[in-house]
Amino acid sequence: MLKIVTKTFSELTTEELYQLLQLRSEVFVVEQDCVYQDIDDKDQVALHVLGYDGFRLVAYTRIFKPGDYFKEASIGRVVVKQKERNKAYGYEIMKASIQAVSTNYNTDNIRISAQLYLTRFYNNLGFKEVGEEYLEDGIPHINMLKD
């Protein structure tokens, strides 16, 4: 079971920031072989949801209030360390993130930009596909909504 910590950007320690940027780079840039600008000036307004197995950061998301990224609240940069994906940490970090949106922004209406191959995973969390598929950084995505 993950230990979940939710922090604003200014509450993050230097070590936490380093760990979350390292994890995002490890998965989104190296593992998925996708060259893109991960540091996008959006971290400063996001809430950061960190999932720890002991002292190791193994799962992460960032969440936004309505209007900061989409019209609805949103969850993005959903990531689980590759070697830890057999432990259902993806579900744990997403459930914690959905709860954090509800608690911090008083809404259950959430939009995500999901990698297409993860559609069933997000369906299991109550998200439904909306609109057409599109390419983002060379990877097929689809918008999904939860309300």
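Visitor: How are the words buried and exposed to be read here?

Guide: A residue is called buried when its relative accessible area is under 20%, exposed when that area is over 50%, and partly exposed in between, with a 1.4 Å probe and protein chains only. By that scale Tyr122 is buried, and Phe127 is buried as well. Please keep in mind that this is a predicted model, in which local features need pLDDT of at least 70 and side-chain atom pairs count only at pLDDT 80 or more, while totals for chains, interfaces and linings use all residues. Residues are numbered from 1 along each chain as its sequence is written, and side-chain values use heavy atoms, with hydrogens and water left out.

Visitor: What is a nonpolar core, and which residues have the most contacts inside the largest one?

Guide: A nonpolar core is a set of buried Ala, Val, Leu, Ile, Met, Phe, Trp, Tyr and Cys residues joined through side-chain atoms within 4.5 Å. The largest here has 27 residues, and those with the most contacts inside it are Ile63, Ile75, Met94, Ile112, Tyr122 and Phe127. Helix H2 (89-105) is among the elements that give two or more residues to this core, and H2 supplies its largest share, 8 residues; helices (H or I, at least four residues) and strands (E, at least two) are DSSP runs, numbered from the N terminus.

Visitor: Which residues does Tyr122 touch?

Guide: Contact means heavy atoms within 4.5 Å. Not counting residues up to four places away in sequence, Tyr122 touches Val78, Met94, Ile112, Ala114, Phe127 and Met144.

Visitor: How many aromatic pairs are found in the whole structure?

Guide: A pair of aromatic rings is described by the distance of the centres and the angle of the planes. Rings of Phe, Tyr and Trp (its six-membered ring) pair if their centres lie within 6.5 Å, and planes under 30 degrees apart count as stacked, over 60 as edge-to-face and the rest as tilted. A search of the whole structure finds 5 such pairs. In one of them, the ring centres of Tyr69 and Phe70 are 4.9 Å apart and the planes stand at 80°, so the pair is edge-to-face. Tyr69 is partly exposed, with a relative accessible area of 34%, and Phe70, at 22%, also counts as partly exposed.

Visitor: Why is the pair of Tyr122 and Phe127 called edge-to-face?

Guide: Their planes are at 80°, with the ring centres 6.0 Å apart, so the pair is edge-to-face. Tyr122 and Phe127 also form one aromatic cluster with Tyr91 and Phe121.
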